[in-house]
Amino acid sequence: DDDEDIDLFGSDDEEVDEEAEKLKAQRLAEYQAKKAAKGPGPAAKSMVTFEVKPWEADTDLDELEKMVQGIDMDGLVWAQAGKRVPVAFGVKKLQINATIEDAKVSTDDLIDKITEFEDHVQSVDIAASAYMIRKFLAVGASHVAGLLAAPVSSAVSSADSLEALLEAAISFFTSGIFVSK
């Protein structure tokens, strides 16, 4: 078959361009060195809204909120105050926000700890969950930068400045809004 011998695209699998391989290896080594020098990026965090439903209408939600906020785990920060939301027949549920480091805190473990207050808690649900970085990107880099009083152009051009801006946004979302226990 003469058709198999014709290479229309000019590539030949048998020949290896040593210069291109050296350049590729050099660039890969530079990338790995740069990545190692940066260290680990910011921890992935999520903001989670829990709905804690009591057994009875006369359950003291202030006491329940203190009990829930008393749960202390590495990577967990509770919101300053919860919200009371009417359910039915005079019963209210407690809605409370927490910021969690995804690698350190499991929402399932946290729900188990809340339901351990079995005299007060009927059930716990997750009403909402959002990654902090997604929330930041939805708000917009220039808007948050203005809130942080950081001089940032409307378009972030380099990955380094975007990473610095993301770290500043995470710091903004976790300080002032939430109180560490």
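Is Phe 89 buried or exposed? In this predicted model, Phe 89 has a relative accessibility of 84% and therefore counts as exposed, the cut-off for that class being over 50%. The residue lies in the loop that links strand 3 (83–88) to strand 4 (91–101), and its phi is positive, at about 55°, although Phe 89 is not a glycine. Most residues other than glycine have a negative phi.

The protein as a whole contains 6 helices and 6 strands, which follow one another from the N terminus in the order α-β-α-β-β-β-α-β-α-α-α-β. Of its 181 residues, 27% count as buried, and the accessible surface comes to about 12,300 Å², with 51% of that area belonging to carbon and sulfur atoms. Among contacts between residues at least 6 apart in sequence, 73% join residues that are at least 24 apart.

The mean pLDDT of the protein is 74, and 60% of its residues reach 70 or more. Among the elements, helix 2 has the highest mean pLDDT, at 92, whereas strand 6 (residues 178–179) has the lowest, at 42. Over residues 176–181 the pLDDT is below 50, and this stretch has 18 contacts in the model beyond near neighbours in sequence. Residues 147–159 likewise stay under 50, and for them the model has 12 contacts beyond four places in sequence.

In soluble globular proteins, nonpolar side chains tend to be buried together. The largest nonpolar core of this model holds 20 residues, of which Phe 50, Leu 76, Trp 78, Leu 110 and Ile 114 touch the most other members. At least two residues of this core are supplied by each of strand 1 (45–54), helix 2 (61–69), strand 2 (76–79), strand 4, helix 3 (107–115) and strand 5 (121–131), and the largest share, 4 residues, comes from strand 4.

Helix 3 has three buried residues, namely Leu 110, Ile 111 and Ile 114. Because these residues cover an arc of only 100° around the axis, they are placed on the same side of helix 3. An α-helix has 3.6 residues a turn, so residues three or four places apart point the same way. The N-terminal end of helix 3 is capped by Ser 106, a side-chain oxygen of which lies 3.2 Å from the backbone nitrogen of Asp 108.

Asn 97 and Lys 83, which are 14 residues apart in sequence, have their C-alpha atoms 9.1 Å apart in space.

Notes
Residues are numbered from 1 along each chain as its sequence is written. This is a predicted model: local features need pLDDT of at least 70, side-chain atom pairs count only at pLDDT 80 or more; totals for chains, interfaces and linings use all residues. Side-chain values use heavy atoms; hydrogens and water are left out. Buried means under 20% relative accessible area, exposed over 50%, partly exposed in between (1.4 Å probe, protein chains only). A nonpolar core is a set of buried Ala, Val, Leu, Ile, Met, Phe, Trp, Tyr and Cys residues joined through side-chain atoms within 4.5 Å. Contact means heavy atoms within 4.5 Å. Accessible areas come from the Shrake-Rupley method with a 1.4 Å probe; for residues, only the protein chains shown count as cover. The arc is that of the directions from the helix axis to the C-beta atoms. A polar contact is a pair of N or O atoms within 3.5 Å; within protein, one must be able to donate a hydrogen and the other to accept it, and residues adjacent in sequence count only if both atoms are side-chain atoms. pLDDT is the predictor's confidence in each residue, from 0 to 100.
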